[in-house]
Amino acid sequence: MVEDKDRPGFFKDYHRAVRKAISNDQFNEFSKLKTNDDRIRFCFSLPAIHDIDIKPYFRGKSEKEALEKKEAGNKCFGRKNNLEALRLYSQAVVKAPVPSGKYWKLIKESADPKKMTMYAICLANRSAALYHLREYHYCVKDIDEALEHHYPKELKYKLYKRKARLLSHMKQHVEARDAYRQALKWLDWAKMEREKRIEHQTDIQKWLKMYETGKVVKNWDIPECYIEHPPVIPELTGGRNERFLSASKKIDIHYDNNMGRYAVASEDIEPGDVLVTEQPFASVLNREEFGSHCQKCFKTTKAPIPCKKCSSVLFCSVECRQSSYFHTIECPILDLLVGSGMSINCFLALRLVTQKPVSYFLDMKEKLNEEDLKEITNNKEVYDPSDFMRLYNLVCHSQFRTAEDLFHRCVMIVFLIKALKKTKYFDGKGSSSGDKINDVELFIGSLLLRFLQIVQFNAHEVSEFYLMSPRSLDGSKNETLGAAIYPTLALFNHSCHSAQVRYFSGQQVITKAIRNIRKGEIVPENYGQSFPSKNKIQRKAELADRYWFECNCEACQNDWPMYKDMDTSTMRFKCHKCHGPLNVNTEQLLNPFIKCEKCGDQTNILSTLKNLQNTEQTFKGACKEMETYNLEKAEALLIENLKQLEACLYPPYRDYHLTQEAYMKVCLCQGNIRIKQPKTEE
């Protein structure tokens, strides 16, 4: 997948023109090349590949638009429509020019109030709306950012007083005292009548005296629901694996020539066990989410902080903006890349490069020899998912690719290298000519080509759970936010009968077991093809097309029916001795003693049938807890139900999969959640 099928773009025509321009002899020559370096060098030598004009292209700032949005926000704020005011002020913040470089130094040293910036004023106005919406964490952050960017001196005392009041109620007393001191300092610059100044001065000094004497009066405390808390990441069941740092001790990784690397249970695994918690090596946000989520951490942006140069992307905080080196590179070419119509896989491959400076890869160059995957798996070396070599050695299946596939990807890589040459990425290490490529650029191009192949087989979607209303699961659905690559999770093989559910906290992935897995059995995950929702032909075709393997999981081998086709009259009970399957038609059951074809022993299924009746009550109880959004109780009941059903039956079985679906929904509620926003008043 090089182009996005659902998005128009110019790359498709560009590739078609380059492909048409080369002769059969030239293409045969390309097909014989063995290394990525040679393939990139060959494509760069084609005259047709340079018939494209690459220029920086991005959405800049507009003081005029910022002013319009700010004034519209002021009107809404005056009518106490704080939610709409917040939306408009945020648009103003994003559009307002952010002082930087020489101009920033000039105005920072100047005392002229006319030099104040629109950006700081919009932030201060937004902090007022956030205050009234009780979004106190973001209110303080906006005040700090406004003060950092030349907010008018005569108004600074107001922001410091607001900040001090909030910090006091948030029990950050040292910081509150310092903010009151700043408020007193900047009060001298305020333009107001003498009586008003004395009133403010008296109020501030009263608070300072209380802090100095240790007699701080608590007017009110901010309720917990109004304080920003970091996400809770569950502990790995059984503790952290000493070798595979993102996995539970209940997981081990094996290797064989047919299956490659795959996960197995080193201990018995039960429903609810936390198996993996992992940060991505790299991640990319969907273009559709640029206006609502942080580029760095994928968090919903309640009070977005913009890029200092463009108005295309948002961050949830100044900290995320400062740590997003990748965007300093991608910023001037971002809209060019979007306009090309390239797929999210291409964006992810590019991000694997742009999140590190070129010097990082040059330092790694000598280590980049392909290693024996079997040796990596079988030795005692720690598998750290943040180690670049773990990413680099994920499978890419170059040896199975057609010449057409490789050529298509090479044309994309040439386009990306040309685009990177228009940024500061190569920073003196690249060639000045647009139609020539030097050794450094060739090396990065070769890495990009490898990454583009790795991403195809190893990337995961990152999602969030969308609620139609607060504390209600009615109409809820899981939606894609972007894509990421998790070096440990990438080692898990697929089954159409998955053993775990994935959910996300920001970009971090968490997986929990949704069924029992015995020690020594494979621990699979699901690549998007699940037997309850798609038939075997569909699943196998889509897996073969995307991942290049023929699925032979239990659901495919036995052609398990889809959920809608499951026969409730036929169930597969478990033999009490060998745990083998006992196929029983419950509507024609005359004798409760069923003989096992595997071991020959007989099992009395009457007690099992009674247990199944109990599971119905347990499931109904879980559903009631879900209806009232009591998720902790619902999760406990659903785990209990899964264990009861697993003790009695073999899948496929309708009630079993209904319970799994309900449990997965509860898990999704523990990760990224977005609630549908109410319509604002006109």
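In this predicted model, the side chains of D405 and R409 meet in a salt bridge, with N and O 2.9 Å apart; the term denotes a side-chain nitrogen of Lys or Arg within 4 Å of a carboxyl oxygen of Asp or Glu. A search of the whole structure finds 31 salt bridges, and those described below are among them. Because the model is predicted, local features need pLDDT of at least 70 and side-chain atom pairs count only at pLDDT 80 or more, whereas totals for chains, interfaces and linings use all residues. Residues are numbered from 1 along each chain as its sequence is written, and side-chain values use heavy atoms, with hydrogens and water left out.

- D405 and R409 both belong to helix α19 (residues 403-420), where they sit four residues apart, about one turn of the helix; helices are DSSP runs of H or I with at least four residues, strands are runs of E with at least two, and both are numbered from the N terminus.
- R409 is buried, with a relative accessible area of 3%, where buried means under 20% relative accessible area with a 1.4 Å probe, protein chains only.

**Between separate elements**
- R126 forms a salt bridge with D142, and their closest N and O atoms are 2.6 Å apart.
- R126 lies in helix α7 (residues 118-132) and D142 in helix α8 (residues 136-148), so the pair ties together parts that are 16 residues apart in sequence.
- Both R126 and D142 are buried.

**Between loops**
- K250 and D273 are joined by a salt bridge of 2.9 Å, N to O.
- K250 lies in the loop between α11 (194-213) and β1 (251-256) and D273 in the loop between β2 (260-265) and β3 (274-278), so this pair ties together parts that are 23 residues apart in sequence.

How values were computed: Buried means under 20% relative accessible area, exposed over 50%, partly exposed in between (1.4 Å probe, protein chains only).
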